[in-house]
Amino acid sequence: MLARRRLLTGAAGAGLTLATAAFKSASAQPYSAQPSSAQARRLIVDSQIHMWPPNRPDRPWTAGAQPQIREPFTIERVVPLIDEAGVARVVIVPPTLEGERIDYAQEAVRRYPGRFGIMARIALDKPDRAAQLAAWRQQQGVLGVRLNITAEQAHWLTDGTTDWFWPAAEKAQIPIMFLTAGQAAEFSRIAERHPQLMLIIDHMGVSTATLRAGKMPEAVAQSAALAKFPNVSVKLSSVPLFSSEPYPWRDVTPHIRRLYDAFGPRRCHWGTDITNSYAKATYRQRVAHFTEELAFLSEEDKDWIMGKSIVERLRWT
């Protein structure tokens with residue numbers, strides 16, 4: 001199994017030096033608390049957090065938008081949480097209620113250098129955005145693009161609407177995180193046609209709609225099938241949301257194990273998506289779930305999954 005993983009992820013070796021340098025740099029940063037000696041030496045990176053300021057006249061939310069929790073999830077709320085849990089870095093995914101704007105996420109980047117990166121949004125049905133991609137990563141804090149393709153938008157993947165995007169993103173070397181509702185087959189074709197395009201599956205490939213339909217096993221199986229493409233990796237995120245049990249969410253363990261076996265630790269990324277299941281677990285529990293409760297993970301596996309893999313995948317220096 002290990003030999004197979006190394007074969008599938010051979011390309012990752014080229015970025016190991018970069019990831020290791022980032023690991024040492026981030027680990028040296030001071031924090032107000034460190035939960036354990038293991039975490040003190042380990043780079044921990046949350047691969048997804050939504051952050052947003054209050055809805056107000058000078059920066060209104062998009063029409064009809066509903067936040068995942070009632071109160072704004074601000075920089076002032078996030079920083080103490082990640083400090084207390086020993087999390088060095090966070091990937092901000094601006095929520096849909098903010099539209100395409102990323103200025104609040106960039107405020108976090110400015111205020112806390114080195115700790116926050118951004119997966120910005122782009123309008124897939126607007127080909128004029130292609131001109132922006134060449135300089136996408138020159139924007140402050142921007143690491144890539146995050147796509148949230150709803151069931152109503154699924155036809156964009158097959159009717160030509162998004163055909164402009166994939167080659168443009170590949171040429172610009174823009175990593176893509178994506179959440180879909182059962183479009184694994186379409187992304188299989190995209191991954192094959194654009195082998196230099198880094199594609200990162202969100203939340204094990206499980207959307208809220210998939211979860212409500214009781215089709216999580218099928219969605220995870222579809223995600224595992226994408227592991228044959230070296231340019232595809234997966235976020236093992238939003239676990240408490242998917243569980244019907246209390247911590248440590250044993251009913252989700254088989255799904256995590258299936259994706260771990262398929263992708264290997266260098267293409268699996270820990271993340272919380274904390275606001276999507278805010279009341280179900282503390283931030284510390286979400287960290288400890290992977291560092292303490294998944295017996296099949298070695299310490300080296302945890303180093304990769306908890307931070308090194310996402311830093312390498314996003315080329316986050």
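Six of the seven residues of strand β4 (residues 142-148) are buried, which leaves the strand mostly covered; buried here means under 20% relative accessible area, with a 1.4 Å probe and protein chains only. Strands (E, at least two residues) and helices (H or I, at least four) are DSSP runs numbered from the N terminus. This is a predicted model in which local features need pLDDT of at least 70 and side-chain atom pairs count only at pLDDT 80 or more, while totals for chains, interfaces and linings use all residues. Residues are numbered from 1 along each chain as its sequence is written, and side-chain values use heavy atoms, with hydrogens and water left out.

Strand β4 pairs in the parallel sense with strand β3 (residues 116-120) over three bridges, where pairing requires that DSSP finds at least two bridges between the strands. In this pairing, Val142 of β4 stands opposite Ile118. Strand β4 also pairs in the parallel sense with strand β5 (residues 176-179), over four bridges, and Val145 has Ile176 in β5 as its bridge partner. From β4 the chain reaches β5 through helix α7 (residues 165-172) in a right-handed β-α-β crossover, meaning that, with the strands pointing away from the viewer, the path from the first strand over the helix to the second runs clockwise.

## Backbone features in two loops

The loop between α11 (239-242) and α12 (253-263) contains Pro248, which is joined to Tyr247 by a cis peptide bond with omega of about 10°. Trp249 lies in the loop between α11 and α12 as well, and has a positive phi of about 55° although it is not a glycine; with a relative accessible area of 1%, Trp249 is buried.

His203, in the loop between β6 (199-201) and α9 (208-212), is another residue other than glycine with a positive phi, near 50°. At 5% relative accessibility, His203 counts as buried.

Note on methods: Buried < 20%, exposed > 50% of the residue type's maximum accessible area, 1.4 Å probe, protein only.
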